[in-house]
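Dear colleague,

Please find the structure below, handed over for your study. My findings follow it.

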Amino acid sequence: MAEIKCVGVVGAGQMGSGIAQLAATNGLDVWLMDADRDALSRATAAISSSVNRFEVGDDAMRRLRLTSNLQDLRSADIIVEAILESEDIKKKLFKDLDGIAKSSAILASNTSSISITRLASATQRPSQVIGMHFMNPPPIMKLVEIIRGADTSEETFIATKSLAERFGKITVCSQDYAGFIVNRILMPMINEAFHTLHRVATKEDIDSG
Ligand SMILES: NC(=O)c1ccc[n+]([C@@H]2O[C@H](COP(=O)([O-])OP(=O)(O)OC[C@H]3O[C@@H](n4cnc5c(N)ncnc54)[C@H](O)[C@@H]3O)[C@@H](O)[C@H]2O)c1
């Protein structure tokens, strides 16, 4: 698999802008794409104000390119998708990316809950599709879950894990089951907190307990 020099990010919202910032501040060229130009403007302002607190700021901003044209991601070695959480819309995007990205490129999803195997089924390259689940906000939170789909290759897994480590992250590997690791444990806990609030204790006592 080719060395990763250029990262494409689709979706310039809360997660995508943070992932683009991580890539740019770690010396990679970045294309950040969003269908909404206002989202691109907001992302530029947020990334610029965040990186300008550090010396790497100017270099990082020079490496970051913004676009509303998906075709611009054709030079990326890995594309991380961070658009809204809809299986149909993500599948359509993966199909489009499969036609645009170079044949060696990895297609990764930041989905919190959608099956990587099903997203991969929209492409002709299921061995190069993987989950790369950052926590919010990506520049700060240390953990990245790497999710293998049914057909994800070892080569894809290693390249994606290495990229997360280059970003200074701790990685964990999950199989492709609902909620992966973190949300599979976190969501029932949050749900139980509501039951506890109704029946067992006040919010002050729950928070202190
Ligand atoms: N916010 C979190 O705490 C969090 C944490 C981990 C993972 N995630 C996952 O990350 C993904 C993005 O979440 P977010 O909170 O950043 O969402 P967001 O709403 O902040 O940003 C989504 C962006 O995607 C753009 N978009 C939507 N459809 C598009 C398309 N077809 N092509 C190009 N751009 C498109 C929107 O214009 C928007 O700017 C979701 O899958 C979500 O489940 C979110």
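Asp98 counts as buried because its relative accessibility is 16%; buried means under 20% relative accessible area, exposed over 50% and partly exposed in between, with a 1.4 Å probe and protein chains only. Please note that this is a predicted model, in which local features need pLDDT of at least 70, side-chain atom pairs count only at pLDDT 80 or more, and totals for chains, interfaces and linings use all residues. Residues are numbered from 1 along each chain as its sequence is written, and side-chain values use heavy atoms, leaving out hydrogens and water.

Asp98 belongs to helix α4 (residues 87-100); helices are DSSP runs of H or I with at least four residues, numbered from the N terminus. Beyond residues up to four places away in sequence, Asp98 touches Leu107, Thr123, Gln124 and Arg125, where contact means heavy atoms within 4.5 Å.

Thr160 is found in helix α6 (residues 154-166). Thr160 counts as buried because its relative accessibility is 0%. Apart from neighbours within four places in sequence, Thr160 is in contact with Ile78, Ile106, Ile130, Met132 and Ile146.

Yours sincerely

Technical notes
Helices (H or I, at least four residues) and strands (E, at least two) are DSSP runs, numbered from the N terminus.
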